[in-house]
Amino acid sequence: NLFLGYHREWNPSIHTLFLAGRLDDTLHLRDTSPKLLFLRDLGGTVTMVNNPPLFSLDHESSFEAYTTELQQIWQRPTWSTIVGVRYQTGWTDTATDLDRVLTGRVSSQRIETNLERISLYAYQQWQVWEPLRLTAGVSYDHLDFPVNVDTAPVSTGQRNTDKISPRIGFV
């Protein structure tokens, strides 16, 4: 992983911050006796559930992502205002093979999925008295993400969600 940041102080009470980064993660799982559930369905009724022996699972997932964030801070003796925006994008390449020891390959999946996140936020901080500081704000997040690339069977499906979140806290 690599992160780079930049800080610009326009004057002692006005600051601009920028952060950019690259993240890379790979998961490799080889299981010679995975816990699998097989269901037998006859006319909508499950008639049998078992965990058969002699299977092996080979799963590899590679994730690469990039992030950028820009933040502006205005400071006064008792008040501070913080506004920012964050953008993240990434993709996952996933390969899953399920083999039966006696008969060979049962299932093989190769999929690529994308991740995208956009966040906007604004906070107001009030130094009531030393040491009490109150913070109030709001954030908006849009997230488009894969349904399942972590465990077999993996999915090519994507979901997205939008959320506005009020924030309140104290230090």
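This is a predicted model: local features need pLDDT of at least 70, side-chain atom pairs count only at pLDDT 80 or more; totals for chains, interfaces and linings use all residues.
Biologist: Let me start with the overall fold. What makes up the secondary structure of the protein?

Modeller: There are nine strands and zero helices. Going along the sequence, the pattern reads β-β-β-β-β-β-β-β-β.

Biologist: Why is the protein called more spread out than a compact globule?

Modeller: For 171 residues the globule rule gives 16 Å, while the radius of gyration is 24 Å; that is well over the rule, so the protein is described as more spread out than a compact globule. The C-alpha trace spans about 75 × 35 × 25 Å along the principal axes.

Biologist: And how much of the protein counts as buried?

Modeller: Of the 171 residues, 26% count as buried. The accessible surface comes to about 11700 Å², and carbon and sulfur atoms hold 59% of that.

Biologist: What share of the contacts with a separation of 6 or more joins residues 24 or more positions apart?

Modeller: Such pairs account for 57% of those contacts.

Biologist: Let's turn to charge. How many positive and negative side chains are there?

Modeller: The protein has 15 positive and 19 negative side chains, with the centres of the two sets 5 Å apart. Searching the whole structure gives eight salt bridges.

Biologist: Why is the contact of Arg22 with Asp24 called a salt bridge?

Modeller: The closest N and O atoms of Arg22 and Asp24 are 3.9 Å apart. A salt bridge needs a side-chain nitrogen of Lys or Arg within 4 Å of a carboxyl oxygen of Asp or Glu, so this pair qualifies.

Biologist: Now Asp97 and Arg110. How do you know that they form a salt bridge?

Modeller: Their closest N and O atoms are 3.0 Å apart, and the limit is 4 Å, so the pair counts as a salt bridge. This pair links distant parts of the chain: Asp97 belongs to strand S6 (residues 79-100) and Arg110 to strand S7 (residues 104-129), 13 residues apart.

Biologist: Are these two partners buried or exposed?

Modeller: Asp97 has 9% relative accessibility, under the 20% cut-off, so it is buried. Arg110 has 52%, over the 50% cut-off, and is therefore exposed.

Biologist: Which residues are linked with Asp97 and Arg110 in a network of salt bridges?

Modeller: Asp99 and Arg105 are linked with them in that network.

Biologist: What makes Arg117 and Asp141 a salt bridge, and which strands hold them?

Modeller: The closest N and O atoms of Arg117 and Asp141 are 3.1 Å apart, which is within 4 Å, so the pair meets the definition. Arg117 lies in strand S7 and Asp141 in strand S8 (residues 132-146), so the bridge ties together parts that are 24 residues apart in sequence. Arg117 is partly exposed at 28% relative accessibility, whereas Asp141 is buried at 14%.

Biologist: Where is Pro131, and what is the peptide bond from Glu130 to Pro131 like?

Modeller: Pro131 sits in the loop between S7 and S8. The bond from Glu130 is cis, with omega near 15 degrees.

Key. Residues are numbered from 1 along each chain as its sequence is written. Side-chain values use heavy atoms; hydrogens and water are left out. Helices (H or I, at least four residues) and strands (E, at least two) are DSSP runs, numbered from the N terminus. The radius of gyration is taken over C-alpha atoms; the globule rule is 2.2 Å times the number of residues to the power 0.38. Buried means under 20% relative accessible area, exposed over 50%, partly exposed in between (1.4 Å probe, protein chains only). Contact means heavy atoms within 4.5 Å. Accessible areas come from the Shrake-Rupley method with a 1.4 Å probe; for residues, only the protein chains shown count as cover. Lys and Arg count as positive and Asp and Glu as negative; His and the chain ends are not counted. The place of a charge is taken as NZ of Lys, CZ of Arg, CG of Asp or CD of Glu.
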